[in-house]
Amino acid sequence: MPQPPAHQRLLAIVDQLRQQIAQQRDGACRQPRFDAQLFHCKGTRLADYLAELEQNLTQLGAADTDVMRRQWLAEKVLDQIAALQRECQSQQLRTPRERPRVDPRQSKREEYQGYETRLLAMIEQREQHLARTETLSVQQQLIRDIEVLHERLARCRHAMHKLEMSGPAR
């Protein structure tokens with residue numbers, strides 16, 4: 001059975017909202033972000049609220065609910081969409097104290113991944129230079145540089161492995 005155009009538009013809006021949330025850091029906050037009347041979920045991440053919105057949208061699309069319940073649910077879905085859109089747009093305006101907490105292990109993991117990416121690029125650049133170099137002394141220096149970079153890369157990967165093995169996030 002085809003969905004009405006209004007329901008399709010709601011699905012498109014929720015899909016756009018999902019993409020906005022995926023682009024942001026979505027750490028847990030100290031307190032719930034919304035009033036308990038608007039969202040019943042106990043989570044504090046935007047993804048938690050999005051999941052509740054999607055569940056309500058699914059219920060709205062169900063044909064077995066009565067007209068009054070559908071009207072109430074439609075208003076609630078619209079209010080939830082508006083609230084999530086406002087929250088997404090206001091993330092940059094929050095003071096650092098009000099921003100979602102980010103898992104320190106995740107920050108460290110991202111830092112290590114950045115190091116790894118840069119080290120790999122440096123190794124590749126040195127290897128390309130080595131292939132074009134004709135003088136022995138420059139070749140020897142580049143080989144030493146590449147060895148040092150490989151050692152740094154090994155230490156970086158060891159640190160990433162150690163971070164992964166350190167246990168669950170707090």
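1. A residue counts as buried under 20% relative accessible area, as exposed over 50%, and as partly exposed in between. Glutamate 111, at 32% relative accessibility, is therefore partly exposed. Lysine 108 is also partly exposed, with a relative accessible area of 34%.

2. The model is predicted. The protein chain has a mean pLDDT of 82, with 82% of its residues at 70 or more. Confidence is lowest in α1, at a mean of 83, and highest in helix α5 (residues 136-165), at 94.

3. Salt bridges come to a count of six. Glutamate 54 and arginine 18 form one through their side chains, at 2.4 Å from N to O. This pair links distant parts of the chain, with glutamate 54 in helix α2 and arginine 18 in helix α1, 36 residues apart. Glutamate 54 has a relative accessible area of 26% and is partly exposed. Arginine 18 counts as partly exposed too, at 35% relative accessibility.

4. The contact between arginine 18 and glutamate 54 should be read together with Asp15. A network of salt bridges links Asp15, Arg18 and Glu54.

5. Within helix α4, lysine 108 and glutamate 111 are three residues apart, about one turn of the helix. A salt bridge joins lysine 108 to glutamate 111, with 3.4 Å between the closest N and O atoms. The cut-off for a salt bridge is a side-chain nitrogen of Lys or Arg within 4 Å of a carboxyl oxygen of Asp or Glu, so the 3.4 Å contact qualifies.

6. Which residue forms a salt bridge with glutamate 116? The partner is arginine 157, and the closest N and O atoms are 2.7 Å apart. The pair links distant parts of the chain: glutamate 116 belongs to helix α4 and arginine 157 to helix α5, 41 residues apart. Is glutamate 116 buried or exposed? Glutamate 116 is buried, at a relative accessible area of 17%, whereas arginine 157 is partly exposed, at 40%.

7. Aromatic pairs come to a count of two. In one of them, the rings of phenylalanine 39 and tyrosine 49 have centres 5.0 Å apart and planes at 65 degrees, so the pair is edge-to-face. The two residues are 10 residues apart and link distant parts of the chain: phenylalanine 39 sits in the loop between α1 (5-23) and α2 (46-61), and tyrosine 49 in helix α2. Both partners are on the buried side of the cut-off: phenylalanine 39 has a relative accessible area of 3%, and tyrosine 49 has one of 1%.

8. Tyrosine 112 and tyrosine 115 also form an aromatic pair, at 6.5 Å centre to centre and with 40 degrees between the planes. Planes under 30 degrees apart would count as stacked and planes over 60 as edge-to-face, so at 40 degrees the tyrosine 112 and tyrosine 115 pair is tilted. Both tyrosines lie in helix α4 (residues 104-132), three residues apart, about one turn of the helix.

9. Tyrosine 112 counts as buried, at 17% relative accessibility, whereas tyrosine 115 is partly exposed, with a relative accessible area of 36%.

Technical notes
Residues numbered from 1 in each chain as written. Predicted model: local features only at pLDDT ≥ 70, side-chain atom pairs only at ≥ 80, totals over all residues. Heavy atoms only, no water. Phe/Tyr/Trp six-rings, centres within 6.5 Å; stacked < 30°, edge-to-face > 60°. Helix = DSSP H or I, 4+ residues; strand = E, 2+ residues; numbered from the N terminus. Buried < 20%, exposed > 50% of the residue type's maximum accessible area, 1.4 Å probe, protein only. pLDDT = per-residue confidence, 0-100.
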